[in-house]
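Let's take a walk through this fold, helix by helix. Keep the viewer open as you read.

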Amino acid sequence: MPRARLDVLPPSARARLLARFGPAADAWCDALPDRLAALADRWELEPLAAGGGSTSRVLRCRRREDGGAVWLKLTPDPMIAAEEAEALAAWGRTPSVVRLLAADPGAGALLLDGVAPGVPVHGQDWEPEHLATLLRRLRECGPAERPYEGSAVRPLAHRVGFLYDLALRRAGPDRPEAEIRLRRARARALELAASAPVTRLVHGDLHPANVLHGPGGRLVAIDPRPAWGDPDFDAVDWALDGVSCAAELAERAGRLAELVPGLRADRLRDWAGALGALTGEARLRAGHEDARTRFLLGS
């Protein structure tokens, strides 16, 4: 059986990119073989395997020079690449974030170092102490003040608005009760984004699938959707992970606040109350009408 070409998008991958970026992504998909060949030659890479999600094509590669494992990430949106490159460069001093080796944001291309063993935390037990180390390093190693002039990264309110706009589109016109819930939750989240006691560089998508087990057992963050805003935002998915009632949420938030200087348990609970609707609606669409879903939806 012939081996699939890594530079040709399978229909499912093309469909995801078109759903995210619209018809303009069609030309980008068609041009992918030439773009990949040029970047592989420029950065001396041998592509080995391909994957990706709704915003990018990601290729596992081997460096021709020394055989090292690296990842080439390509996106049709240069702004997404510019934001991620800026954030990864800002976190370049911490071993808790994947290392940026090279970037060409205009071409939508990032070259990332490999993470070993690289197994996602998603679906596994995790220790609050290990997560706390990651959250502390994100806060400590990024810029401590407001965004500098010329930053490609946008305010957290933009990220919040995007997440709820996406959820509202997925809910569709036939579920008015979902629209009411999501609009109410978005208003709460935007209020929190506007009232941040401090402004830091935020990962913006720090859920367990975007955190890998790295060398020495440390946790390593990948795939940021960075924003400038309240750093407590990055702890929300972890505060809600597996939680089905207010008491469990309060306990988890309190524990993380004890371990992460500057993290406020009350704001983390408020963020969880607002953003939980996103996870709750996704679970409801998937047919999970259980206690956890009802808690996330605030009912």
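Predicted model: local features only at pLDDT ≥ 70, side-chain atom pairs only at ≥ 80, totals over all residues.

Residues are numbered from 1 along each chain as its sequence is written, and side-chain values use heavy atoms, with hydrogens and water left out.

Start with helix α3, residues 32-42; helices here are DSSP runs of H or I with at least four residues, strands are E runs of at least two, and both are numbered from the N terminus. Its buried residues are Leu-32, Leu-36, Leu-39 and Ala-40, where buried means under 20% relative accessible area, exposed means over 50%, and partly exposed lies in between (1.4 Å probe, protein chains only). They sit on the same side of α3 because they cover an arc of only 100° around the axis, the arc being that of the directions from the helix axis to the C-beta atoms. Those buried residues pack against α2 (25-30), β1 (45-52), β2 (57-63), β3 (69-74) and β5 (109-113). Turned away from the buried side, the other face carries exposed Asp-34 and Asp-41. Just after α3, Glu-44 has a positive phi of about 55°.

Now jump to α5 (residues 128-141) and α9 (residues 246-259), whose axes come within 9 Å and cross at roughly 55°. That angle makes α5 oblique to α9: under 35 degrees counts as roughly parallel, over 145 as roughly antiparallel, 65 to 115 as roughly perpendicular, and the rest as oblique. On the α5 side the contact (heavy atoms within 4.5 Å) involves Pro-128, Glu-129, Leu-131, Ala-132 and Arg-136, and on the α9 side Arg-255, Leu-256 and Leu-259.

α9 has another partner. Its axis and that of α10 (residues 265-285) come within 9 Å, crossing at roughly 135°, so α9 is oblique to α10 as well. Here Leu-249, Ala-250, Ala-253, Gly-254, Leu-256 and Ala-257 of α9 meet Ala-265, Leu-268, Arg-269 and Ala-272 of α10.

Last stop: Gly-150, in the loop between α5 and α6 (156-171). Its relative accessibility is 72%, so Gly-150 counts as exposed. From Gly-150 to Leu-249 there are 99 residues in sequence and 38 Å in space, C-alpha to C-alpha.

Definitions and conventions: Axes fitted to C-alpha atoms, helices over the stretch in contact; angles between N-to-C directions.
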